Amino acid sequence: MYNSKIIGLGYFVPENVVTNDDLSKIMDTNDEWIQERTGIRERRHVIKGEETTTTMGVKAAKIAIERAGIDKDDIDFIIFATLSPDYYFPGPGVLVQRDLGIKTIGALDVRNQCSGFVYGLSVADQYIKSGMYKNVLVIGSEVHSTGLDFTTRGRGVSVIFGDGAGAAVMSREEDTKKGILSTHLHSEGQHAEELAVIAPGMGKRWVTDIIEENDPNDVSYLPVMNGQFVFKNAVVRFSEVIVEGLQANGLGKEDIDLLVPHQANLRISQFIQRKFELSDDQVFNNIMKYGNTTAASIPIALTEAWEQGRIKEGDLVVLAAFGSGFTWGSAIIRW
Ligand code: COA
C-alpha cells in the first residue's frame, strides 16, 4: 500500500479581465453589490476562438508536469473535472491525451461541478494507493462565460462565475504518513435542481424540444441557482466535511496549516474561517481575482498558495468543496 502526493501544480487563466464595473455597463448591477455579497472584484473571460476548457486545461497541465519533473509519457492516467466540456461528448479527458501527445492511456471525465477536483483527486489517490498507477494527471477547467446570461435577468448567477484551469500531477509516495491522508465524498441529489443547467439533456428537456420550440425566451440551457439555499447548505456541508476529514486522521482544527476552500463565495470562506477559528494566514482566498471557477477553483488556489510559499513541507493542508448536485468533499493532505 502506498500514499499519493501532489508533485506538480499549475494553472492558467485567460488574459481578458472583466471587472464588476465592466459588468455594470451591460446589466443592472454594481461593484458594491457584487463585492459585498461575494467578495469578487474581477474575473477572467475567454475570448471566443482563443481558449476552450480543454486548451486551458492543457496549458495548466503542461506547467504541472514540468514542475513535477517528469516526462509527459510518465503519466499513467488522466482525470478531467469540468461542467463545461468543449463537446457534449466525448469529454475533454481524451482531448488532453491527444493535445499533450501522450500514449493511449486511460482518460476519465468527472461530472461533479464545484467538487469535481476533490472527486478527481480522490479517484487518483485510490489508483495510486492500490498500486495500479504511479503518476496521475488531475485537471479542473471551466469556461463559464460563454454559457451565462449577461443581461439583468441572469445577474444573480453571471456575476459570480469565471473561466480558468488548474492541474495537479499526483504520484506514488512510499511514506504513508505523507501525501493525501484521506478524502471524503458526499452527495445529496434531492437538491439537484437548486443549482443546475437543465438542457440540453436527454431527460426532462430534449435537444429536439429546444429545436422544435425555437423560443427566444427559452432559458432552460442557462444555469439556475437558488442562491440563498445554496449558501445555507454550503456553510453546513463545508464544516461537516472538514471535521469528518480531521477526525478520520485523529486531528483537530488546531492542526490545520492551510485551508484551501473551493472559491464559491468569499462570505462562505469567511464563515468557515470564523467557525474553525483560523487566522487570515490559514485560509487561502483568491475569488476576488477570478470569481468562482467551479472545478478549477481549488487547483488554481492551491497552485497560487504554493507559488506564494504559503505551503511548506510537513504542513497540513485541507481542501474542501461544495457545489451543484449537491456534492461536497474534503481532502486532508500532509505536504
Ligand atoms: N446585482 C445587483 N442586484 C442583484 C444582483 C446583482 N448581480 N443579483 C441579484 N440582485 C438582486 C436581486 O434581484 C434581489 O433584488 P430584490 O430584493 O429587489 O428582489 C436582491 O439583489 C437580493 O437577491 P438575493 O438573491 O436574495 O441576494 P443574496 O443576498 O442571497 O445574494 C448570492 C445572492 C447569489 C450572492 C448569494 O445567495 C450567494 O452567494 N449564494 C451562494 C452562491 C454560491 O456560492 N454558488 C456557488 C456554489 S458552488
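**Legends: the contact of domain 1 and domain 2**

One salt bridge is counted between domain 1 and domain 2; a salt bridge is a side-chain nitrogen of Lys or Arg within 4 Å of a carboxyl oxygen of Asp or Glu. The model is predicted: local features need pLDDT of at least 70, side-chain atom pairs count only at pLDDT 80 or more, and totals for chains, interfaces and linings use all residues. Residues are numbered from 1 along each chain as its sequence is written, and side-chain values use heavy atoms, with hydrogens and water left out.

**View A. The salt bridge of arginine 67 and glutamate 307.** The closest N and O atoms of arginine 67 and glutamate 307 are 2.9 Å apart.

**View B. The two domains.** Domain 1 covers 3-173, and domain 2 covers 179-195 + 222-334; such bounds come from an automatic or database domain assignment. Their C-alpha centres lie 16 Å apart. Domain 1 brings 54 residues to the contact and domain 2 brings 44 residues, where contact means heavy atoms within 4.5 Å.

**View C. The buried area.** About 3,800 Å² is buried between domain 1 and domain 2, and carbon and sulfur atoms give 64% of this area. Buried area is the accessible area (1.4 Å probe) that two parts lose on being put together, summed over both. Within domain 1, the residues losing the most area to domain 2 are Tyr11, Cys114 and Val118, together 17% of what that side buries.
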